[in-house]
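This briefing is meant for a reader who is meeting the structure for the first time. Please look through the sequence and the model below before turning to the points that follow.

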Amino acid sequence: MIVACPACNGLNRLPANKVAQNGHCGKCKQALFLGEPLELTTANFAAHAQKAELPLVVDFWASWCGPCQSFAPVFSQAASELEPHFRFGKINTEQQQQLAAQFNIRSIPTLMIFKQGKVVAQQAGAFPKQAFYQWLSQNK
């Protein structure tokens, strides 16, 4: 399985049965799994969404959005509990307008799950924790 490093965005090959052992990047030696959402930008998005084989859950959000702010702790908790089965990332739509436009984001928060560059699930609006976890398990 190919996993992108959260620090340097380098691609690392890990045996699928060893992903849960929290490996380190062969390039920069940093941990491959931090248990927290990554800040995704146009510079690192392709490495995590298209080249890596780990499902990527993305939260498109903005700092002025109340529902985004209330959902943020649920998203962070999911990252700490569900990595390395998923990679979690956040895209600030105010700072990353090109990515927001690329994915036609019209309302926030919008959640998407990517598998090797393809959107496999999309949901507009914030979830309660249980509903979010259920949505994730249905879209592994």
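The model is a predicted one. Its helix H2, residues 66-82, and its helix H4, residues 129-138, have axes that come within 10 Å and cross at roughly 50 degrees.

**How H2 and H4 pack**

- Two packed helices are described by the angle between their axes and by the distance between those axes.
- With a crossing angle of roughly 50 degrees, H2 and H4 are therefore oblique to each other, and H2 passes H4 in a right-handed crossing.
- On the H2 side the residues that meet H4 are Phe71, Val74, Phe75, Gln77, Ala78, Glu81 and Leu82, and on the H4 side their partners are Lys129, Phe132, Tyr133 and Leu136.
- Sorted by class, the residues in the contact of H2 with H4 are eight nonpolar, one polar and two charged.

**The two faces of H4**

- The buried residues of H4 are Phe132, Tyr133, Trp135 and Leu136.
- Viewed down the axis of H4, these buried residues fall within an arc of 160 degrees, so they line one face of the helix.
- An α-helix has 3.6 residues a turn, so residues three or four places apart point the same way.
- Turned away from the buried side of H4 is a face that carries the exposed residues Gln130 and Gln138.
- The cover over the buried residues of H4 includes H2 together with strand S4 (56-61), strand S5 (87-92), strand S6 (110-115) and strand S7 (118-124).

**Phenylalanine 132, a buried residue of H4**

- Phenylalanine 132 lies in helix H4, and its relative accessible area of 0% is under the 20% limit for a buried residue, so phenylalanine 132 counts as buried.
- Apart from neighbours within four places in sequence, phenylalanine 132 is in contact with Val57, Phe71, Val74, Phe75, Ala78, Phe88, Leu111 and Phe127.
- Phenylalanine 132 and alanine 78 are 54 residues apart along the chain, and their C-alpha atoms are separated by 8.7 Å.

- Serine 76 lies in helix H2 and, at 33% relative accessibility, counts as partly exposed.
- When residues up to four places away in sequence are not counted, serine 76 touches Gly35 and Pro37.
- From serine 76 to tryptophan 135 the separation is 59 residues in sequence and 16 Å in space, C-alpha to C-alpha.
- Valine 119 lies in strand S7 and is partly exposed, with a relative accessibility of 37%.
- Leaving aside neighbours within four places in sequence, valine 119 is in contact with Phe103, Met112, Ile113 and Phe114.
- Valine 119 and leucine 56 are 63 residues apart in sequence, and 9.4 Å apart in space from C-alpha to C-alpha.

**The loop between H2 and S5**

- Histidine 85 lies in the loop between H2 and S5 and is exposed, with a relative accessible area of 53%.
- Histidine 85 touches Leu54 and Pro55, not counting residues up to four places away in sequence.
- Between histidine 85 and leucine 54 there are 7.2 Å in space, C-alpha to C-alpha, although the two are 31 residues apart in sequence.

**Other backbone features**

- Most residues other than glycine have a negative phi, and most peptide bonds are trans.
- The peptide bond from isoleucine 108 to proline 109 is cis, with omega near -5 degrees, and proline 109 lies in the loop between helix H3 (97-102) and S6.
- Asparagine 104, in the loop between H3 and S6, is a residue other than glycine with a positive phi near 55 degrees, and with a relative accessible area of 46% asparagine 104 is partly exposed.
- Asparagine 9, in the loop between strand S1 (2-4) and strand S2 (11-13), is not a glycine but has a positive phi of about 65 degrees, and at 24% relative accessibility asparagine 9 counts as partly exposed.

Key. Residues are numbered from 1 along each chain as its sequence is written. This is a predicted model: local features need pLDDT of at least 70, side-chain atom pairs count only at pLDDT 80 or more; totals for chains, interfaces and linings use all residues. Side-chain values use heavy atoms; hydrogens and water are left out. Axes are lines fitted to C-alpha atoms, for helices over the stretch in contact, and angles run from 0 to 180 degrees between N-to-C directions. Helices (H or I, at least four residues) and strands (E, at least two) are DSSP runs, numbered from the N terminus. Angles under 35 degrees count as roughly parallel, over 145 as roughly antiparallel, 65 to 115 as roughly perpendicular and the rest as oblique. A crossing is left-handed if the near helix is turned anticlockwise from the far one by less than a right angle, and right-handed if clockwise. Contact means heavy atoms within 4.5 Å. Ala, Val, Leu, Ile, Met, Phe, Trp, Tyr, Cys and Pro count as nonpolar, Asp, Glu, Lys and Arg as charged, and the others, Gly among them, as polar. Buried means under 20% relative accessible area, exposed over 50%, partly exposed in between (1.4 Å probe, protein chains only). The arc is that of the directions from the helix axis to the C-beta atoms.
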